[in-house]
Amino acid sequence: MKIKLFGIVPEEIPYIEEWKHQHPGVTIDITDDLLTGETAHDTKGYDAIRTLQLSKIPAEAYKTLADNGVKVVAQRSAGTDMHDIPSANENGLVLTHVPSYSPETIAEYTIQQILRLIRKADLIEQRVEQQNFTWPGMIMGRVLGELTVAVIGVGRIGSRVAKILSKGFGSRVVAYDINPHDEFKDYVEYQDTLIQAVSQADIVTVHTPLDESTHHLINGQIFSQFKDQTVFINAARGGVVDTEAMLEAIESGKVVQAAIDVYEYESPYIPVDWTGKKIEDPIFQTILDHDRIVYTPHVAYFTDTAVRNILFTSLNSAYNAVKTGQDVNQFN
Ligand code: NAD
C-alpha cells in the first residue's frame, strides 16, 4: 500500500516513523504541498492521500485523484467543509476525517484565552516591557468564578470548557445547543434560545461546527443582544462569526475584548510564514492591529497529544478504507 501525506507539519514526522514501524508493508511519502488542482496530479500510484486542508478543494482534483488510482482521501482535521462531497462521490473516493483528537487541547486553550483577557495579561506584559510596574485601573482583572459564561455549542469541546469553568472556577455556565444533553446538565444551564444565553453572559465562547446552519450564527443581531463589555472567544471556525459584525460590536462597546483563533477568510494565511509581506485583506489587518483583539493563527489544536492522535487516526482511516472500502471515520 502507498499513502502520500500532503501538508506535512514537521512535528508529525516522529509519529509518522512510529506509525510506519507498526505497518511495515506500507510506503509513506510526504510533502509540505497542499492539495490543489495541480498537486493532485502528483498522486500516481498512491492508494490513499492524507490532506491538511483549510481552503476548498477544487472539484477537478477529485477526478484527477481517481484517475491516478487514489481510493481514499483522509482529511487531517475534524472539519469537512473544505471537501466537495458530490465530486468525491462521483469519482468513487472515500473521504475520512478525524472527528475528535483531543478536545481537552482546545478546551484548555479557550480557558487560557479567557483568563488572558479578563486578567489583562497582554497589557500587563506590555507595561512591564516598558518597566512600568504601576497598578492603574486598566490592568485590574475580574474573578472568573463570579462571572457568567455562555457556551454556544456544548459538544466534545464546549462540554469540557463548561465543566472546567463550572467545576473548576465556580462560574455560572449558561448554554445554547440545538441538541442539549442530559449528561451535561450538572454544570450547564441550557437556555431555549441563543439570545437568552448570550444576553446573560459576561463571556461568550463559541464551539459549534461550521455548516450551512451555523454560518454567521453570531451575527449583528446576536451581538446586539450581548451585555455591554462582553468578552468574546472564537476557537471554533471563523465562518460561525460574522467578522464585520464582531468588529462593529467591539466599536460599539458590546464586546470589550475578543480572542480569535480562527478567522473566516484565514485560508491564504494559515499556516504560512507571511513575514514582511503585505496583508491584502483589510479586515484581517484590522484584526491584527486591534488592541482589543488577541488573534492566534488556528493554534488551539496544536499540542503533542493532538498532533499524534491526528496522525494516527488519519493514517489508520486511510489504511482501513483502502483495505476494506470503508472506515468508521468516513463522512461521505
Ligand atoms: P461537536 O460536534 O462535538 O460539538 C458541536 C456542538 O454544537 C454539538 O453539541 C451540536 O449539537 C452543537 N450545534 C450544532 N449546530 C448548532 C447550532 N446551530 N446552534 C447551537 N449549537 C449547535 O464539535 P467539537 O468537536 O466540540 O468542535 C467544536 C468546534 O471546534 C468545531 O467548529 C471544530 O471545527 C472546532 N475546532 C477548532 C479547533 C482549533 O484549532 N481552533 C480544533 C478542533 C476543533
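1. Strand β5 and its link to β4. Val73 has Leu95 as its bridge partner in β5. This is a predicted model. Strand β5 spans residues 94-96 and pairs with β4 through three bridges, in the parallel sense.

2. The other side of the pairing. Strand β3, residues 48-51, is joined to β4 by four bridges, and these two strands also run parallel. Here Ile49 has Val73 as its partner in β4.

3. Thr64 in helix α2. The helix runs over residues 59-67 and holds Thr64. Is Thr64 buried or exposed? Its relative accessible area is 12%, and the cut-off for buried is under 20%, so Thr64 counts as buried. The side chain has a polar atom 3.0 Å from the backbone oxygen of Glu60. With neighbours within four places in sequence left aside, Thr64 is in contact with Ala40 and His41.

4. The open sheet. How many strands form it, and in what order? There are seven, in the order β8-β7-β6-β9-β10-β11-β12, and the pairing is parallel. At the edges are β8 (189-190) and β12 (293-295), each of which pairs on one side only.

5. Strands β10 (residues 230-234) and β11 (residues 255-260) share five bridges and pair in the parallel sense. Phe232 stands opposite Ala258, which is in β11.

6. Ala162 in helix α6. The helix covers residues 156-169 and includes Ala162. Ala162 has 0% relative accessibility; buried means under 20%, so this residue counts as buried. What does Ala162 touch, not counting residues up to four places away in sequence? The list is Val151, Val173, Tyr187 and Val188.

7. The ligand shell. Which residues are the closest to the ligand? They are Arg156, Ile157, Asp177, Thr208 and Asp261, out of 23 residues that surround the ligand. By class, the shell has twelve nonpolar, seven polar and four charged residues.

8. Polar atoms at the ligand. Asp261 places a polar side-chain atom 3.0 Å from a ligand nitrogen atom. Arg237 has a polar side-chain atom 3.3 Å from an oxygen atom of the ligand. Val154 takes part through its backbone: an N or O atom there lies 3.4 Å from a ligand oxygen atom. On its own, the ligand has 870 Å² of accessible area, and the protein covers 88% of this.

9. A cis peptide bond. Where is it? The bond from Ile270 to Pro271 is cis, with omega near -10°. Pro271 sits in the loop between β11 and α10 (282-289).

10. Pro282 in helix α10. The residue has its place in this helix. Is Pro282 buried or exposed? Its relative accessibility is 60%, and exposed means over 50%, so Pro282 counts as exposed. Between the C-alpha atoms of Pro282 and Asp304 there are 34 Å, with the two residues 22 apart along the chain.

11. Positive phi at Lys120. Its phi is near 55°, a positive value in a residue other than glycine. Lys120 belongs to the loop between α4 (103-118) and α5 (121-129). With 22% relative accessibility, Lys120 falls between the 20% and 50% cut-offs, so it counts as partly exposed.

12. Positive phi at His216. Phi of His216 is near 55°, again positive in a residue other than glycine. The loop that holds His216 lies between β9 (203-206) and α8 (220-223).

Technical notes. Residues numbered from 1 in each chain as written. Predicted model: local features only at pLDDT ≥ 70, side-chain atom pairs only at ≥ 80, totals over all residues. Heavy atoms only, no water. Buried < 20%, exposed > 50% of the residue type's maximum accessible area, 1.4 Å probe, protein only. Polar contact = N/O pair within 3.5 Å; in protein donor to acceptor, adjacent residues only side chain to side chain. Contact = heavy atoms within 4.5 Å. Near = heavy atom within 4 Å. Areas by Shrake-Rupley, 256 points an atom, 1.4 Å probe, with all protein chains shown as cover. Nonpolar A, V, L, I, M, F, W, Y, C, P; charged D, E, K, R; others polar. Pairing = 2+ DSSP bridges.
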